[in-house]
Amino acid sequence: MTTTTLTREQREAKLEGMGCKRKRVEDIRFTQGKGNYIDDLKLPGMLFGDFVRSQYAHARIKKIDTSKALKVQGVLAVLTAEELKGVNLAWMPTLAQDVQMVLADGKVLFQNQEIAFVVAEDRYAAADGVEAVEVEYEDLPVLVDALKAMDPDAPVLREDLAGKTSGAHGPRKHHNHIFEWSVGDKAGTEAAFANAEVKIKELISYHRTHPSPLETCQCVASFDKIKGELTVHGTFQAPHVIRTVASLLSKIPEHKIHVVSPDIGGGFGNKVGAYPGYICAIVASIVTGKPVKWVEDRIENLTTTSFARDYHMTTEIAATKDGKVTGLRVHVIADHGGFDACADPSKFPAGFFAIVTGSYDFPVAHVVVDGVYTNKAPGGVAYRCSLRVTEAAYAIERGMDILAQKLSMDPAELRLKNFVKREQFPYKSALGWEYDSGDYHAAMRKAMDAVGYRQLRAEQAAKREAFTRGETREIMGVGTCFFTEIVGAGPSKNCDILGLAMFDSCEIRVHPTGSATARMGSKSQGQGHETTYPQIIASEIGIPADDIMVEEGNTDTAPYGIGTFGSRSTPVAGAAIAMAARKIRNKAQMIAAYVLEVHESDLEWDIDGFRVKGLPEKFKGMKEIAWIAYNKPPPGMEPGLEAVSYYDPPNMTYPFGAYICVMDIDVDTGEYKVRRFYALDDCGTRINPMIIEGQVHGGLTEAFAIAMGQEIRYDEIGNVVGGSFMDFFLPTAVETPKWETDHTVTPSPHHPIGAKGVGESPNVGGVPAFSNAVNDAFSFLGSTHIQMPHDHWRNWMAAKRLGLHG
Amino acid sequence: MAKTHVKMTVNGRAVDGLVEPRQLLIHFLREDLNLTGAHIGCDTTHCGACTVDLDGKSVKSCTMFAVQAEGAKITTIEGMASADGSLHPLQEGFRIEHGLQCGYCTPGMIMRASRLLQENPAPTEDEIRAGIAGNLCRCTGYQNIVKAIQYAAAKINAAPRKEAAL
């Protein structure tokens, strides 16, 4: 068949397998307005829910009067904590093993906290009802500054925890303390610092921000009283986890809960958690017997569902005079807001922050993270990064620049001097991770050559002299970042969420005519799984990608999985695809051997079928094998051609990259221009270079936003400043720099196809590159560290502090 | 609340409906006409996911009441492909140049780009960037959106002149 008519190259090309810049399948519907997002869903008799929210950041609730709201035309019900107590749902467990109020129970702990849920015939009537609910507050002292959370006289936030001296992660030191988590060699690190020739110490803060996907968090809950079945359509990055949590909370058996995630308008970590809106919609549907839709507005999204970062990292590095690092010590105050609702694996309350040794060969290190409560929204999600990895990358990459400044060394040279060397992989870091593979020196040198690093430094030196002579008011910064990520959570030996092991899954059914359907435990929010997953299958079993359909997000049909976040789709679900495909190929080989009348070991795989070694004309293609598998299987063999794989990864994967940013800053206005941004990524085997490049562009744009202005800020009484797109910086096409992308390829040795994941690298590496560029620009004027975000105002302030305004 | 009768032309078809005076145009399009291509992303007129073409202008349909569109001619993303199903060069360009990821901003982005290219058939890159500054994308970083619009501009300019689609 194919072999006789097509060349090898044509057969390869027809598959559109791994490495191909395959155009996206999803785009056909998205470009025509035929996506299927939650708010597009209309069910018969559907009601609409909306929240009454707290005006105060910290207050006692004296009274909630819903009587006027219940008289509003179209309003059917108003839920408060009292109603939820009847079904034992006034509080819910968080993913971080804390508890969170679903609706305010006696007090509120952050501005815009959910107080009551109004259910009405449409969204306008629901909004009318919200206006008519009267709440009486008694305000309480507010705690906003995480660094003051454990002061002896700090207000008591969590009265429900009174007397509890230990939490899910060990002892609590203070009434606002959540956990202390530490890792590494304390005594060894102290010794390294005691003997250090050179030391640096800096409080490096990573401010609070928000993932802010363009589509907010939303759901439609529908309870069928006759069948006792609950269906929840929602914007869930982890639909199976939502089903399990819903079952545990509601006591509805898991097989009677149907969770469906249709198209999702971006996630970036925002849509991993379980929010009060979901619980209230479910309860409202049970109460009213009708489907209930809940759709966040943008202000609700920015101010309530899952902020990111808010890590305050005192970073110390010890080194020799000639720039060899000898120790790392980091202490973090982690601001978790009013409830600890982080989405971290249960043994890692600070996520994978222990990747903070970065790409450098630290002989010893010690990290302590103290989680604290404040009067801010709960969360702490991984905004386009693996769990707390971007915070870690920021701390070490700023720290290395500060050390370089102290040593009067070039920051790139300092990095080259301290990189883990290629021959050291697999490399066990001082904090216990086993890095799978890397060639850091090659990547860094490629990046430096690509941007003309030495010429840039020469230009910078000349500009600095010109600035000093008063010939220009512009300063130039070169931001260098070399990051190592840890993604693909993760091995069940150390990764679980609420006890759920973090494997992922794939089921492939090859149909009799040779096309296939793959069902997944992961869930795309724009990553393009419908396009890239078939490329893996195409390369593994020779079915053209166009003949393979991917289904995700329906818990009734998909195998159980933990979903898509923390760059885990390719490292975990992608591996499950390859493993399931290989099971199919093994069966196909038996079938081919039977029909070609040879032993299985006499066959070799050849692009899209099996060939008898040494007899090229004896060939069976997958399409033909599929038909035989169903209709004429060998004697004794079960018919059919399908397989399922639940993949529990043996290790994480460790993507890395070298980013260089060139920036000019006007010291009189604080305005900056990103002249150049070069990003080299090594994500191992590349499945679809077009999609990788798109992911890098998008992640860099988010990194640019975070570093240069995007912030969820609070005033001293806990009001959110910047809770809408009026103030929250999302760059437009005008501000966004142009991106240059590049790559090296160092496959992961333990991953079936060698892929490591890429979607989050640009956010992880981008933020330090921008911040280092700003800091590098100011460094010759005596500045050591300027906190992010580096908007025009703060740049202007930095210049003013340095005495540049006369 | 008393309802008002509105009439308008949407994607070449005469439509009417009963709406509350406070009902937003985006809700009329999405919920009364079931044209769910235009999306809601921000509620404050910043994101442009709700952009439609109204009487020859790009309009953010979340910032206009349905009653204000009385008698208007509106084109939404659903009206961009030809009757024979062939895609508009912008729809094609967004796919070819990988100008979208989650797809949520795409309908608004394409509608805005369509008006931009009618106002300025051969825009420079900077003109494209300025021209779509009212539309936010969280996924792509815009670089490939710019390319997609350039692709469409080249294709439209190369094609034999036809009557304007809008």
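**Sheet in chain A, domains in chain B**

Visitor: In what order do the 3 strands of the open sheet in chain A run?
Guide: This is a predicted model, in which local features need pLDDT of at least 70, side-chain atom pairs count only at pLDDT 80 or more, and totals for chains, interfaces and linings use all residues. Residues are numbered from 1 along each chain as written, with chains lettered from A and ligands numbered from 1 in written order. Strands are DSSP runs (E, at least two residues), numbered from the N terminus, and two of them pair if DSSP finds at least two bridges between them. The pairing is antiparallel, and the order in chain A is 6-2-8.

Visitor: Why is one side of strand 6 and of strand 8 of chain A left without a neighbour in the sheet?
Guide: Strand 6 (107-108) and strand 8 (134-139) of chain A stand at the edges of the sheet. One side of each is left without a neighbour because each has a single partner strand.

Visitor: Over how many bridges do strand 2 and strand 8 of chain A pair?
Guide: Strand 2 of chain A covers residues 59-65. A:Asp65 stands opposite A:Glu134 in strand 8 of chain A. The two strands pair in the antiparallel sense, and the count of bridges is 6.

Visitor: How far apart do the C-alpha centres of domain 1 and domain 2 of chain B lie?
Guide: Chain B is divided into domain 1 (4-79) and domain 2 (89-158), with bounds from an automatic or database domain assignment. Their C-alpha centres are separated by 21 Å.

Visitor: How many residues does the contact take from each domain of chain B?
Guide: Residues are in contact if their C-beta atoms, placed from the backbone, lie within 7 Å. The contact takes 15 residues from domain 1 of chain B and, from domain 2 of chain B, 12.

Key
Two residues are in contact if their C-beta atoms, placed from the backbone, lie within 7 Å. Helices (H or I, at least four residues) and strands (E, at least two) are DSSP runs, numbered from the N terminus.
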